[in-house]
Each structure stands twice: as structure tokens, then as C-alpha cells.
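This report walks a new reader through selected features of one structure, beginning with the backbone and going on to helix packing and the ligand site.

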Amino acid sequence: MSATAKKRALMPEDIRARKGGEPIVSLTAYTTPMAQMMDAHCDFVLVGDSVGMVLHGLPSTLGVTMEMMILHGQAVARGLDSAMMVIDMPFGSYEESPQQAFRSAARLMAETGAGAVKLEGGREMAQTIQFLVARGIPVVAHVGLTPQSINTLGGYKVQGRGEEGSGLIADARAVAEAGAFCVVLEKVPEGLANQVTEELPIPTIGIGASAGCDGQILVLDDMLGLFTAFKAKFVKRFANLGEQAEEAIADYARAVKAREFPGPEHVFADLAPQNKPS
Ligand code: KIV
């Protein structure tokens, strides 16, 4: 590729074609600078509704609105060149009917430039996924632990253990048959994730699932150690930026109180007397 040639952004068919191949790399992003940092390293970037918890201090993802998703989606889009951008459909924007889902998905894509939407749910969402895909909206499905349903799931529990496994397999099959181009498997037992990955014709993206999935995703603020309210077992902190940030803030406060900051290199000299305007 010449130095001036711009790489085209990845598309759903590129992700789909990675089934069984090189693992798909994905992270969530909510801001332009972070999107810029991950563009060269991620195949797709998810503007996750986790933004409500990690950046807005909400207790769950249930309070996230279309407006929040659009604002963060626009910010992320400004930072991406080659990675595909997927945007989460917030709670209450799609569950009522396929028509409601289409209106919300079309608005998210039109106002942010996202290449696909993600929605939570298995068999109960199959008809909606089919409706969206048939009308030009690529869909990433999300089964297993679906955080928008914590009130009916009884919390952030592992999904699909024991006899529940067959239900999870049925969910994964249903979203694949409905036309989703990949599926996130969240917090499911390793063996089950491997079984679903082997069986499905579309890539599986694991989060708390298995290294055998076709790809992995993590919440950015979790893996950077910026979100420290709690840490799920499946999160690996690849950095501890939260600790570093807190130390830097404390150091700044100390330096201000000790009048060490600003130093001579941070202040501006007055004009020499002969140059002063009379
Ligand atoms: O909102 C989000 O960050 C997600 C990931 C956990 C997959 O849905």
C-alpha cells in the first residue's frame, strides 16, 4: 500500500469472513482520543452502553439514552479510520417491535456513521434481527449475560450452566439464522462457548467466555484499570491507569499547596520596560 493510500474501514463481511481464522480484536470506546489509539489495533470498536456505568456513573446500563449513544458514537467516529464502528442499541430503543428497532437503529447509524448496531437477546430478538438485516442494518447479537436484563436474570450471573446450556445454544443458533454477522457471548462457561463457536457459522466474540471464541472484547476502562468500582473475574487489567491518575492528581494538589506549581517554566515574563506601551 502506498504511503498516501487510505485503508478502507472494515465491514461486516470482513468480520464474518474471519470465522475460524485470526482472532478478531475488539474493545469498547466512548471518546475520540481512545478511538484513535485503538484504530490500528482493533478490527471493530464498540460504542458500548457500558458508557453509562464507566463514564456517567450510572448503576447499570438501563439509564442510557439514544442521545448519550449518539454523542459518544459521533466522538468515536472522529477517531476511526480502519476499524469498523458498532454501536449499542440502548435499553428501551428496540425491544417493543421490529419497527421500533428499525427507527432507532437507522437513527444511530445515520447520526453517527456506525457500520452496524448491537442488540441484546436471543430467540426473542430473532425476528427483529431478521427485519433489520433485510432493511440494510448489519447486526451484532449479544447472548449469555445481557446486562440490560439484569433485573430478570437476577444479577450479573454466569449464564448457560447445566441445563440452561441448551437454551443458550438455541439463542445463539437463532440469532445466527436471523442474519447477525457475529455474536457476543458474555459470561458463559468455557466449554459451552467452545461448543457454540464450533457449531455457529458466524464468529463468536467472547467476554468472560473462552479463548477458543473467534474473537474477544473487553470494556476499555476495565482493561486499562480506569474503572475500579468493581472488577469482574473475566477482566484482565492490562494497565493500572486509574492508580496512576489518582497519584498524579494528588501530586498536583500537593504542588499547588506548596506553591511549587506553576514553576518558572510555566509562567510568562512581563514586557521589558522599554517595550511597554505608554
Ligand atoms: O456495552 C458494552 O460494553 C458491551 C460489551 C460488554 C460487550 O456490551
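## Backbone features and helix packing

Pro262 is placed in the segment after helix 11, the helix of residues 241-257. The model shown here is a predicted one, and in it the peptide bond that leads from Phe261 to Pro262 is cis, with omega near 0°. Arg259 also lies in the segment after helix 11, and the phi angle of Arg259 is near 55°, a positive value in a residue other than glycine. Another such residue is Lys187, whose phi is near 50°, again a positive value in a residue other than glycine. Lys187 is found in the loop that runs between strand 6 (182-186) and helix 9 (190-199).

| Helix pair | Angle between axes | Distance between axes |
|---|---|---|
| Helix 5 (residues 98-112) and helix 6 (residues 126-134) | about 50° | 9 Å |
| Helix 6 and helix 8 (residues 165-178) | about 20° | 8 Å |
| Helix 8 and helix 9 | roughly 30° | within 10 Å |

In the pair formed by helix 5 and helix 6, the axes make an angle of about 50°, and the two helices are therefore oblique to each other. Their crossing is right-handed. On the side of helix 5, the residues that take part in the contact are Pro98, Gln99, Ala101, Phe102 and Ala105, and in helix 6 they meet Gln127, Thr128, Phe131 and Leu132. Sorted by class, this contact of helix 5 with helix 6 holds six nonpolar and three polar residues, with no charged residues.

Helix 6 also packs with helix 8, here at an angle of about 20° and with the axes 8 Å apart. Because angles under 35 degrees count as roughly parallel, helix 6 is described as roughly parallel to helix 8. The crossing of helix 6 and helix 8 is right-handed. The residues of helix 6 in this contact are Ala126, Ile129, Gln130 and Val133, which meet Ala174, Val175 and Ala178 in helix 8. By class, the contact of helix 6 with helix 8 is made up of six nonpolar residues and one polar residue, and no charged residues.

Helix 8 in turn packs with helix 9, and the axes of helix 8 and helix 9 come within 10 Å and cross at roughly 30°. That angle makes helix 8 roughly parallel to helix 9, and helix 8 passes helix 9 in a right-handed crossing. Gly165, Leu168, Ile169, Ala172 and Arg173 in helix 8 are in contact with Leu192, Gln195, Val196 and Glu199 in helix 9. The residues of this contact of helix 8 with helix 9 divide into five nonpolar, two polar and two charged.

## The ligand site

Which residues are around the ligand? They are Thr28, Leu46, Gly48, Asp49, Ser50, Asp88, Lys118, His142, Glu186, Ile207 and Val219. In the side chain of Asp49, an N or O atom is 2.9 Å from an oxygen atom of the ligand, while for the side chain of Ser50 the distance from an N or O atom to an oxygen atom of the ligand is 2.5 Å. Lys118 has a polar side-chain atom that lies 2.8 Å from an oxygen atom of the ligand.

Technical notes. Residues are numbered from 1 along each chain as its sequence is written. This is a predicted model: local features need pLDDT of at least 70, side-chain atom pairs count only at pLDDT 80 or more; totals for chains, interfaces and linings use all residues. Side-chain values use heavy atoms; hydrogens and water are left out. Axes are lines fitted to C-alpha atoms, for helices over the stretch in contact, and angles run from 0 to 180 degrees between N-to-C directions. Helices (H or I, at least four residues) and strands (E, at least two) are DSSP runs, numbered from the N terminus. Angles under 35 degrees count as roughly parallel, over 145 as roughly antiparallel, 65 to 115 as roughly perpendicular and the rest as oblique. A crossing is left-handed if the near helix is turned anticlockwise from the far one by less than a right angle, and right-handed if clockwise. Contact means heavy atoms within 4.5 Å. Ala, Val, Leu, Ile, Met, Phe, Trp, Tyr, Cys and Pro count as nonpolar, Asp, Glu, Lys and Arg as charged, and the others, Gly among them, as polar. A residue is near a molecule or strand if one of its heavy atoms lies within 4 Å of it. A polar contact is a pair of N or O atoms within 3.5 Å; within protein, one must be able to donate a hydrogen and the other to accept it, and residues adjacent in sequence count only if both atoms are side-chain atoms.
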